[in-house]
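This report describes the overall fold, the ligand site and some selected local features of one structure. The sequence and the model are shown first.

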Amino acid sequence: MIKAVRGTRDLLPPDTALWNFVESAVREVFRAYNFQEIRTPIFESTELFARGVGEETDIVSKEMFTWLDSPLIQKALLNGSPQHWPIPVMQSVEEALSGKPDSLTLRPENTAGVVRAYIEHQLEKRGLNKLFYIGPQFRRERPQKGRYRQFFQIGAEVIGPKSAGSESPARDAEILELLATLLDRVGITGWTLELNSVGCPADRARFNEALRKALEPVVAKMCADCRRRAVTNPLRVLDCKVPEDQPIIETLPRISQFLDEGCRTHFDEVQQILQSVGVPFKLNDRLVRGLDYYTRTAFEFTHGALGAQNAILGGGRYDGLSEALGGPAAPGIGFAIGEDRLVLSLANSAEDAAPKPDVYIAPLGAGMNRDAARLARELRRGERNLVVELGDESFRLKKSFEAADKLKSRYILIVGENEVKAGAFALKNLATGEQVTVPRAELADRIAKP
Ligand code: HAM
């Protein structure tokens, strides 16, 4: 049997009803805050993530699904050669031939793609862009509860030229307040907003230097990743999860000691707006986030119900990302919610969210499928927006009742020869057992009644 690949999963009914509930609630919230949807490709050039997210991050150095899309491979594919499968072989041939492979990667996140699109389509002409996206992302992580290799993010980015106000702390606070509203709207309580400022590049350079110095005498005792990062990008040492390294990490300098005047004022203003709108937060100066593009505000919302993978969403400001990707200055801030985790922390049950038929139409006897189909069409296309399930004339009445019960239909409607002739149908309420005969023209209204 062929099974879904490790770390991927099928979303089945009734769970998909919860996903749809979340997505439509979220779309309403985005609408209220005047965000518009953007859809970028699911794969991009590897270089985008290497430059955008950062080569020393776990995401880029360990977790990306990357492959070569060289002319050689394309040729093998076009020739229909079944031997094109072992792509790594092609990769080495290609590398040997050109030394410059075309490397592609399934997106591990969507901010780099959105900023690429911003630059490519000169979206700065539109002033402040308020964009949102919903879609799959891919990271080769060790799968566990709340952590998958294909997972879904609901994200948003606010990006534009400085003159459009993109750098203002008001944007940061608005994003955070939007998130509080969004979580309330889908019914998630008990979240914690952890907030930090990771400063501007100059602050980070000084912080990195201080980390480097502090690490020198102790790093020999740390894991291999830390030893490498202590040299290449000391900030990333703070991402280390190895338990034995934590006591050392605890003693390292903190970013809050390195913020310049501008970053401190910006951060203060974000906090004051949050206080004024009543969004609670917790300061955490160890929160540096696992992606290199962040500047100033960085945040995560965590939720107790999630266990080890407790970050329901994360985000922050990335004022230099556009320039790093070769674009114009375009300060921005955004977030991405792990939709899988959001659904996991919902209190509602999938069964309750799943749609139930208003009526189950039971054709009774040979030849009745035709009349039943006509009636179903009338009811489904009518103004009442009814959910209609259609049975089959081969079912005995008992079987139709069982089917209607199993689907939790509110009504069952019998379509037999006599009913069609009379133009009136037996309609039974499956909860109360009450049965009435209803003229064809009144059926929709009667079924729609609560
Ligand atoms: P991130 O923190 O890497 O940020 O991911 C955001 C959220 O995606 C996480 O908090 C988590 O809920 C979810 N997530 C990440 N990896 C997995 C996984 N393997 N399985 C399930 N859920 C996962 C970003 O991706 C940034 N692009 C967010 C952002 C947007 N920053 C600025 N704008």
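## Overall fold

Within the chain, residues 24 or more positions apart account for 72% of the contacts that have a separation of 6 or more. The model is a predicted one. Its chain contains 18 helices and 16 strands.

The radius of gyration of the chain is 28 Å, whereas a compact globule of 450 residues would have a value near 22 Å. The C-alpha trace spans about 90 × 65 × 50 Å along its principal axes. Of the 450 residues, 48% count as buried. The accessible surface of the chain amounts to about 22500 Å², and carbon and sulfur atoms contribute 52% of that surface.

## The ligand site

The ligand is surrounded by 27 residues, and the closest are Glu109, Glu141, Tyr148, Glu157 and Tyr294. By class, the shell consists of 12 nonpolar, eight polar and seven charged residues.

In Tyr294, a side-chain N or O atom is 2.6 Å from a ligand nitrogen. For Glu157, a polar side-chain atom lies 2.8 Å from a nitrogen atom of the ligand. Phe335 takes part through its backbone, with an N or O atom 3.3 Å from a ligand nitrogen. On its own the ligand has 660 Å² of accessible area, and the protein covers 96% of it. Strands β6 (150–159), β10 (311–317) and β11 (332–338) are the elements that each give two or more residues to the shell. The largest share, six residues, comes from β10.

## Helix α6

Helix α6 comprises residues 111–120, and because eight of its 10 residues are buried, the helix is largely enclosed by the rest of the structure. The buried positions are Thr111, Ala112, Gly113, Val114, Val115, Arg116, Ala117 and Tyr118.

These buried residues pack against β2 (43–45), α2 (46–52), β5 (129–138), β6 and α12 (321–324). One of these partners, β6, is also among the elements that contribute to the shell around the ligand. Just after α6, Gln122 adopts a positive phi of about 50°.

## Val388 in strand β13

Val388 belongs to strand β13, which covers residues 388–390. Is this residue buried or exposed? Val388 has a relative accessibility of 9%, and it therefore counts as buried, the cut-off being under 20%.

Apart from neighbours within four places in sequence, Val388 is in contact with Val359, Ile361, Ala376, Leu379 and Arg380. Ser409 is 21 residues away from Val388 along the chain, and the C-alpha atoms of the two are separated by 8.8 Å.

## Cys223 between α8 and α9

Cys223 is located in the loop that joins α8 (201–215) and α9 (224–232). With a relative accessibility of 19%, Cys223 also counts as buried, since the value is under 20%.

Which residues does Cys223 contact, leaving aside its neighbours within four places in sequence? The contacts of Cys223 are with Cys240, Val242 and Asp245. For Val242, the separation from Cys223 is 19 residues in sequence and 7.4 Å in space, C-alpha to C-alpha.

Conventions. Residues numbered from 1 in each chain as written. Predicted model: local features only at pLDDT ≥ 70, side-chain atom pairs only at ≥ 80, totals over all residues. Heavy atoms only, no water. Near = heavy atom within 4 Å. Polar contact = N/O pair within 3.5 Å; in protein donor to acceptor, adjacent residues only side chain to side chain. Areas by Shrake-Rupley, 256 points an atom, 1.4 Å probe, with all protein chains shown as cover. Helix = DSSP H or I, 4+ residues; strand = E, 2+ residues; numbered from the N terminus. Nonpolar A, V, L, I, M, F, W, Y, C, P; charged D, E, K, R; others polar. Rg over C-alpha atoms; globule rule 2.2 N^0.38 Å. Buried < 20%, exposed > 50% of the residue type's maximum accessible area, 1.4 Å probe, protein only. Contact = heavy atoms within 4.5 Å.
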